[in-house]
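Let's take a walk through this one, a stop at a time. Keep the viewer open while you read.

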Amino acid sequence: MSEWIDVAPLGDIEDGDHRLVEAADTEIAVFNLGGEYFAVENLCTHEDVPIADGEIDVDDCITCPMHEAQFCLRTGAVMAPPAEDPLTRFPVRVEGAVVQVGAQPLD
(Lines give C-alpha, C1' and ligand atoms only; values in the text may rest on other atoms or scores of the structure.)
Protein backbone atom coordinates (compact mmCIF):
# COMPACT_ATOMS: atom_id res chain seq x y z
CA MET A 1 0.00 0.00 0.00
CA SER A 2 1.33 3.39 -0.99
CA GLU A 3 1.69 6.34 1.32
CA TRP A 4 -0.36 9.34 0.16
CA ILE A 5 0.93 12.90 0.55
CA ASP A 6 -1.35 15.94 0.69
CA VAL A 7 -0.50 18.34 -2.15
CA ALA A 8 -3.15 21.08 -2.01
CA PRO A 9 -6.84 21.67 -1.40
CA LEU A 10 -8.93 20.87 -4.48
CA GLY A 11 -9.13 24.01 -6.62
CA ASP A 12 -5.90 25.59 -5.31
CA ILE A 13 -3.76 24.51 -8.27
CA GLU A 14 -4.87 26.54 -11.26
CA ASP A 15 -5.33 24.92 -14.66
CA GLY A 16 -1.90 24.59 -16.31
CA ASP A 17 -0.04 25.17 -13.05
CA HIS A 18 1.72 22.82 -10.64
CA ARG A 19 2.77 22.25 -7.04
CA LEU A 20 5.95 20.59 -5.81
CA VAL A 21 6.09 18.08 -2.95
CA GLU A 22 8.82 15.84 -1.51
CA ALA A 23 8.56 12.08 -1.07
CA ALA A 24 11.56 10.09 0.17
CA ASP A 25 14.13 12.53 -1.27
CA THR A 26 12.25 12.79 -4.57
CA GLU A 27 10.73 16.08 -5.71
CA ILE A 28 7.38 15.47 -7.40
CA ALA A 29 5.56 17.98 -9.60
CA VAL A 30 1.76 17.69 -9.56
CA PHE A 31 0.06 19.37 -12.53
CA ASN A 32 -3.56 20.40 -13.07
CA LEU A 33 -4.43 19.81 -16.74
CA GLY A 34 -8.01 20.88 -17.32
CA GLY A 35 -9.17 19.62 -13.92
CA GLU A 36 -7.26 16.32 -14.12
CA TYR A 37 -4.15 15.87 -12.02
CA PHE A 38 -0.91 14.22 -13.12
CA ALA A 39 2.36 13.81 -11.23
CA VAL A 40 5.93 13.27 -12.42
CA GLU A 41 9.35 13.36 -10.85
CA ASN A 42 10.61 16.92 -11.24
CA LEU A 43 13.64 15.91 -13.33
CA CYS A 44 14.17 15.86 -17.07
CA THR A 45 15.53 12.41 -17.92
CA HIS A 46 18.06 13.92 -20.31
CA GLU A 47 20.14 16.05 -17.91
CA ASP A 48 18.45 15.90 -14.47
CA VAL A 49 17.18 19.47 -14.78
CA PRO A 50 13.94 20.46 -12.97
CA ILE A 51 11.16 20.03 -15.53
CA ALA A 52 8.27 21.78 -13.75
CA ASP A 53 9.26 25.28 -14.89
CA GLY A 54 9.14 24.27 -18.55
CA GLU A 55 6.46 25.48 -20.96
CA ILE A 56 3.25 23.43 -21.25
CA ASP A 57 1.63 23.37 -24.70
CA VAL A 58 -1.98 22.75 -25.75
CA ASP A 59 -1.33 19.00 -26.06
CA ASP A 60 -0.35 18.78 -22.36
CA CYS A 61 3.32 18.33 -23.23
CA ILE A 62 6.05 20.05 -21.25
CA THR A 63 9.30 21.29 -22.75
CA CYS A 64 12.47 21.15 -20.64
CA PRO A 65 13.84 24.66 -20.12
CA MET A 66 17.44 23.54 -20.73
CA HIS A 67 17.68 21.43 -23.89
CA GLU A 68 14.05 21.44 -25.06
CA ALA A 69 13.30 17.75 -24.63
CA GLN A 70 9.54 17.35 -24.62
CA PHE A 71 7.36 14.99 -22.57
CA CYS A 72 3.65 14.19 -22.35
CA LEU A 73 2.56 15.02 -18.80
CA ARG A 74 -0.35 12.55 -19.00
CA THR A 75 1.81 9.52 -19.85
CA GLY A 76 5.41 10.61 -19.17
CA ALA A 77 6.34 9.61 -22.73
CA VAL A 78 9.15 11.36 -24.60
CA MET A 79 7.68 13.45 -27.39
CA ALA A 80 10.88 15.13 -28.68
CA PRO A 81 14.61 14.53 -28.18
CA PRO A 82 17.21 14.82 -26.84
CA ALA A 83 15.63 12.80 -23.99
CA GLU A 84 15.26 9.07 -24.58
CA ASP A 85 13.68 7.88 -21.32
CA PRO A 86 10.16 8.77 -20.12
CA LEU A 87 9.44 10.79 -17.00
CA THR A 88 8.80 8.84 -13.80
CA ARG A 89 5.09 9.09 -13.01
CA PHE A 90 3.30 8.97 -9.66
CA PRO A 91 -0.34 8.19 -8.82
CA VAL A 92 -2.64 11.09 -7.99
CA ARG A 93 -6.06 11.06 -6.36
CA VAL A 94 -8.56 13.46 -4.85
CA GLU A 95 -9.50 12.37 -1.35
CA GLY A 96 -12.32 14.44 0.10
CA ALA A 97 -11.34 17.95 -0.98
CA VAL A 98 -7.56 17.38 -1.08
CA VAL A 99 -5.31 16.48 -4.03
CA GLN A 100 -2.89 13.74 -2.97
CA VAL A 101 0.09 12.08 -4.63
CA GLY A 102 1.36 8.57 -3.97
CA ALA A 103 4.89 8.32 -2.60
CA GLN A 104 5.74 5.34 -4.85
CA PRO A 105 6.13 5.70 -8.64
CA LEU A 106 3.78 3.99 -11.08
CA ASP A 107 4.93 0.98 -13.11
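**Starting from a loop proline**

Leave out the neighbours within four places in sequence, and Pro86 is in contact with Thr45, Gly76, Ala77 and Val78. Keep in mind as you look that this is a predicted model. Pro86 sits in the loop that runs between strand 8 (78-80) and strand 9 (89-90). Is that proline buried or exposed, or something in between? With a relative accessibility of 46%, Pro86 counts as partly exposed, because that label covers the range between under 20% (buried) and over 50% (exposed). For a sense of distance, pick Asn32, which is 54 residues away from Pro86 along the chain: the two C-alpha atoms are separated by 19 Å.

Three strands make up an open sheet, in the order 1-11-10, and the pairing is antiparallel. Which strands stand at the edges? Those are strand 1 (4-9) and strand 10 (92-95); each has a single partner strand, so one side of each is left without a neighbour in the sheet. Going from one strand to the next, the twist averages 35°. If you want to see how strand 1 is held against strand 11 (residues 98-102), look for the five bridges that join this antiparallel pair.

The largest nonpolar core has 16 residues, and Phe31, Ile51 and Phe71 are the ones with the most contacts inside it. Strand 3 (26-33) and strand 4 (36-41) each supply at least two residues of this core, with strand 3 giving the largest share, three residues. Apart from this core lies another, of 14 residues, including Val21, Ile28, Val99 and Ala103.

Cys64 is in no disulfide either, and here the nearest cysteine sulfur is that of Cys44, at 3.8 Å. Why doesn't that pair of sulfurs count as a disulfide? Because a disulfide needs the two sulfur atoms within 2.5 Å, and the sulfur of Cys44 is 3.8 Å from that of Cys64. Cys64 counts as buried too, at 3% relative accessibility.

Key
Residues numbered from 1 in each chain as written. Predicted model: local features only at pLDDT ≥ 70, side-chain atom pairs only at ≥ 80, totals over all residues. Heavy atoms only, no water. Buried < 20%, exposed > 50% of the residue type's maximum accessible area, 1.4 Å probe, protein only. Core = buried A, V, L, I, M, F, W, Y, C linked by side-chain atoms within 4.5 Å. Helix = DSSP H or I, 4+ residues; strand = E, 2+ residues; numbered from the N terminus. Contact = heavy atoms within 4.5 Å. Pairing = 2+ DSSP bridges. Axes fitted to C-alpha atoms, helices over the stretch in contact; angles between N-to-C directions.
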